[in-house]
Amino acid sequence: MRNILIIGIGAGNPDHMTIEAIEALNRADILFIPDKGEEKAALRALREAICARFIRKPDYRTVPVEIPRRAEAGSDYHGVVDDWHERIAARYRALFESELQEGQTGALLVWGDPALYDSTLRIMERVAASGLSLDWQVYPGISSVQVLAARHRVPLNTIGAPILITTGRRLSEGFPADQDSVVVMLDGEQTFGKIDPEGLDIWWGAYLGTPDEILRAGPLTELSAEITEVRAQARARHGWIMDTYLLRRRSA
Ligand SMILES: C[S@@+](CC[C@H](N)C(=O)[O-])C[C@H]1O[C@@H](n2cnc3c(N)ncnc32)[C@H](O)[C@@H]1O
């Protein structure tokens, strides 16, 4: 049987690696480093910096994993994602078989926390279901949402109330009527600028945890245009951006 360690590495700051994650990193025979999207050079650099800083043996081996691109979603979002995950699972299976001997351990370095808007855990189920004898363990990481809250010194929920963590795509249907606190991830369309801003506050963060971090907070009516502009400039400067925000209904 092959064993895979799914290690949350934090969302941009190597100091956010947990001791448990560092120890897991040091148990791996091979480190699989996923490469995806336009931001890949920066994210790959962070993963490599984490390996260089925390792995104690000098001769550790990394293997890049070229993640296939997802087709445009169109109307069949779930169908497209399903097909994409199948292709990623096939890629992982081939790599696990060719790079790991029976009894060896591989590690997957996953951005932020593996349980939050990341498909690695679902893909591992697919790889195992395809018949490869496999076991895996998961090591939590500090997610971008936690860094957002910490940097802004804001709790994610109001007293006794729930929070909704969702995507820009879902927010485009409007701020949910039954929520007061909504965290938005995966928003390439600046959806905060397309919903009714009245009565909403925003806590926005880009490149959280990195030296390039940008933060803005205040009434959405006042900040929407500024964030859109700051975001566009930063994206042009770096060639990529990752941002997350909390929207909250102002209490009367
Ligand atoms: C595929 S999800 C991965 C989330 C990750 N598992 C986590 O726990 O943060 C990618 C989204 O996470 C958010 N994100 C990840 N890293 C970020 C960072 N350093 N700063 C701001 N947002 C980030 C963005 O909303 C981005 O679109």
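Helices and strands are DSSP runs, helices of at least four residues and strands of at least two, numbered from the N terminus.

**Figure 1. Overview of the predicted chain.** The model shown is predicted. It has 7 helices and 10 strands. The C-alpha atoms fill a box of roughly 60 × 40 × 40 Å along the principal axes. A compact globule of 252 residues would have a radius of gyration near 18 Å, and the value for this chain, 19 Å, agrees with that. Of the 252 residues, 49% count as buried. Among contacts with a separation of 6 or more, 72% are between residues 24 or more positions apart. The chain exposes about 12600 Å², and carbon and sulfur atoms supply 50% of this area.

**Figure 2. The open sheet of 5 strands.** The strand order is E6-E7-E10-E8-E9, and the pairing is mixed. Strand E6 (164–167) and strand E9 (214–219) stand at the edges; each has a single partner strand, so one side of each is left without a neighbour in the sheet. From one strand to the next, the twist averages 15 degrees. Strands of a sheet pair through backbone hydrogen bonds, either parallel or antiparallel. E6 and strand E7 (residues 181–185) run parallel and are joined by 4 bridges. In this pair, Thr 166 stands opposite Val 184 of E7.

**Figure 3. Helices H5 and H7 against the sheet.** Helix H5 (residues 144–152) packs on the sheet and touches E7, strand E8 (200–206), E9 and strand E10 (243–249). The direction of H5 makes about 110 degrees with that of E8. Helix H7 (residues 220–238) lies across E8, E9 and E10. H7 runs at about 165 degrees to E9.

Figure 4. Glu 226 forms a salt bridge with Arg 216, and their closest N and O atoms are 2.5 Å apart. Glu 226 lies in helix H7 and Arg 216 in strand E9, so the pair ties together parts that are 10 residues apart in sequence. Glu 226 has a relative accessible area of 35% and is partly exposed. Arg 216 also counts as partly exposed, at 26% relative accessibility.

**Figure 5. Strand E2 and its parallel partners.** In strand E2 (residues 30–35), 6 of the 6 residues are buried, so the strand is largely enclosed by the rest of the structure. Ile 30, Phe 32 and Pro 34 point one way from E2, while Leu 31, Ile 33 and Asp 35 point the other way. E2 runs parallel to strand E3 (residues 61–66), with 6 bridges joining the two. Ile 33 stands opposite Pro 64 in E3. E2 also runs parallel to strand E4 (residues 105–110), and 3 bridges join this pair. Here Leu 31 stands opposite Ala 107 in E4.

Figure 6. Thr 105 is found in strand E4. Its relative accessibility is 13%; buried means under 20%, so Thr 105 counts as buried. Leaving aside residues up to four places away in sequence, Thr 105 touches Asn 3, Leu 5, Arg 27, Ala 28, Asp 29, Ile 30 and Leu 100. One of these, Ile 30, points from E2 and is buried.

**Figure 7. The salt bridge of Glu 23 and Arg 56.** The structure holds 15 salt bridges. In one of them, Glu 23 pairs with Arg 56, with the closest N and O atoms 3.1 Å apart. Glu 23 lies in helix H1 (residues 19–27) and Arg 56 in the loop between helix H2 (40–54) and E3, so the pair ties together parts that are 33 residues apart in sequence. Glu 23 is partly exposed, at a relative accessible area of 33%. Arg 56 counts as exposed, at 57% relative accessibility.

Figure 8. Arg 93 forms a salt bridge with Glu 97, and the closest N and O atoms are 3.4 Å apart. Both residues lie in helix H3 (residues 77–99), 4 residues apart, which is about one turn of the helix. Arg 93 counts as partly exposed at 22% relative accessibility. Glu 97 is partly exposed, with a relative accessible area of 38%. A network of salt bridges links Asp 82, Glu 86 and Arg 126.

Notes. Residues numbered from 1 in each chain as written. Predicted model: local features only at pLDDT ≥ 70, side-chain atom pairs only at ≥ 80, totals over all residues. Heavy atoms only, no water. Pairing = 2+ DSSP bridges. Axes fitted to C-alpha atoms, helices over the stretch in contact; angles between N-to-C directions. Contact = heavy atoms within 4.5 Å. Buried < 20%, exposed > 50% of the residue type's maximum accessible area, 1.4 Å probe, protein only. Rg over C-alpha atoms; globule rule 2.2 N^0.38 Å. Areas by Shrake-Rupley, 256 points an atom, 1.4 Å probe, with all protein chains shown as cover. Salt bridge = Lys/Arg side-chain N within 4 Å of Asp/Glu carboxyl O.
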